[in-house]
Amino acid sequence: MWDALKLAGKDKVWCLYPNKNAPTNSVKDSMAGLSFANVENHPEMAGGAHSLNFILIDGTWSNSGAMFSRLKDRYKLMWGEEEIPCITLNTGASLMHKLRPQPSWDRTCTAAAAIGLLDELHDLPNFVSYGLDKQAKALEDAVEVLFEALTIRRLRMGKSITRKQRHNRDIF
């Protein structure tokens with residue numbers, strides 16, 4: 001991963017993570033100053049040199065905090081900067097919030113974050129031709145199938161399927 005990021009260059013690497021200790025930008029603001037003349041539809045053909053790289057950390061929130069800390073350390077070693085550029089999404093709670101609770105309503109699972117990122121990138125004029133909306137829809141459909149399967153499983157096991165019933169102390 002780090003070889004690919006180094007090849008792309010630090011100006012084409014972002015971490016999708018709610019970093020409270022560093023400034024974060026929206027997807028739109030992060031992409032505003034970029035030239036898309038060299039961004040490839042098939043980055044493997046260009047060896048990754050012209051690709052945009054988004055790091056999505058997958059794990060529990062406590063584990064992802066530790067992973068983010070290691071990412072920052074590695075980023076500093078590679079490029080000499082204290083903070084890895086972070087972006088935030090404008091999306092709300094995902095379908096998975098109903099079944100798999102998050103520590104707060106503004107956080108989401110990795111799959112929902114990927115869907116949100118693809119949707120927000122597709123909304124930018126420079127990305128419309130990449131068909132990211134189709135990729136977001138495919139991921140959304142997969143999450144919906146997963147949600148339905150997990151709901152059936154929880155019902156079969158006699159467990160609650162809603163966040164409110166499972167974590168009513170978090171709901172105001």
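Visitor: Does Ser64 count as buried or exposed, and at what relative accessibility?

Guide: This is a predicted model, and the reply holds for it as such. Ser64 lies in helix 3, residues 61–79, and it is in contact with Tyr17 and Ile57, neighbours within four places in sequence being left aside. Because buried means under 20% relative accessible area, Ser64 counts as buried, at 3%.

Visitor: How confident is the predictor, and what is the mean pLDDT of the protein?

Guide: Over residues 165–172 pLDDT stays under 50, and the model has 13 contacts beyond four places in sequence for that stretch. Across the protein, 73% of the residues reach 70 or more, and the mean pLDDT is 78.

Visitor: In what order do the strands of the open sheet stand?

Guide: The sheet has 4 strands with parallel pairing. Strand 2 (24–26) and strand 3 (53–56) each have a single partner strand, so one side of each is left without a neighbour in the sheet. On average, neighbouring strands are turned by 40° against each other, direction ignored. With strands 2 and 3 at the edges, the order is 2-4-1-3.

Visitor: Which residue of strand 4 is the bridge partner of Leu16?

Guide: Strand 1 pairs with strand 4, residues 86–88, in the parallel sense over 2 bridges. In strand 4, the partner of Leu16 is Ile87.

Visitor: What angle does the direction of helix 4 make with that of strand 3?

Guide: Helix 4 packs on the sheet, where it touches strand 1, strand 3 and strand 4. Its direction and that of strand 3 make an angle of about 155°.

Visitor: Which element gives the most residues to the largest nonpolar core?

Guide: This core has 18 residues, and those with the most contacts inside it are Val27, Met31, Leu117, Leu121 and Phe127. Two or more residues each come from strand 1 (13–16), helix 2 (27–31), helix 4 (110–122) and helix 5 (132–156). The element that gives the most, with 5 residues, is helix 4.

Visitor: How many residues does the second, separate core have?

Guide: Among its members are Trp2, Leu5, Ile55 and Tyr75. The second core has 13 residues.

Visitor: Where does Val13 lie, and what is its relative accessibility?

Guide: Val13 lies in strand 1. Not counting residues up to four places away in sequence, Val13 touches Leu5, Asn53, Ile55, Trp79 and Pro85. Val13 and Ser51 are 38 residues apart in sequence and 9.1 Å apart in space, C-alpha to C-alpha. Val13 counts as buried because its relative accessibility is 1%.

Visitor: Which residue meets Glu83 in a salt bridge?

Guide: Glu83 is partly exposed, at 29% relative accessibility. Its place is the loop between helix 3 and strand 4, and its partner stands in helix 3, 11 residues apart from it. The two side chains meet at 3.7 Å, N to O, and the partner is Lys72.

Visitor: What separates Lys137 and Asp141 along helix 5?

Guide: The side chains of Lys137 and Asp141 meet in a salt bridge at 2.7 Å, N to O. Lys137 is partly exposed with a relative accessible area of 46%, and Asp141 is partly exposed at 33%. Because they are 4 residues apart in helix 5, their separation is about one helical turn.

How values were computed. Residues numbered from 1 in each chain as written. Predicted model: local features only at pLDDT ≥ 70, side-chain atom pairs only at ≥ 80, totals over all residues. Heavy atoms only, no water. Core = buried A, V, L, I, M, F, W, Y, C linked by side-chain atoms within 4.5 Å. Buried < 20%, exposed > 50% of the residue type's maximum accessible area, 1.4 Å probe, protein only. Contact = heavy atoms within 4.5 Å. Pairing = 2+ DSSP bridges. Axes fitted to C-alpha atoms, helices over the stretch in contact; angles between N-to-C directions. pLDDT = per-residue confidence, 0-100. Salt bridge = Lys/Arg side-chain N within 4 Å of Asp/Glu carboxyl O.
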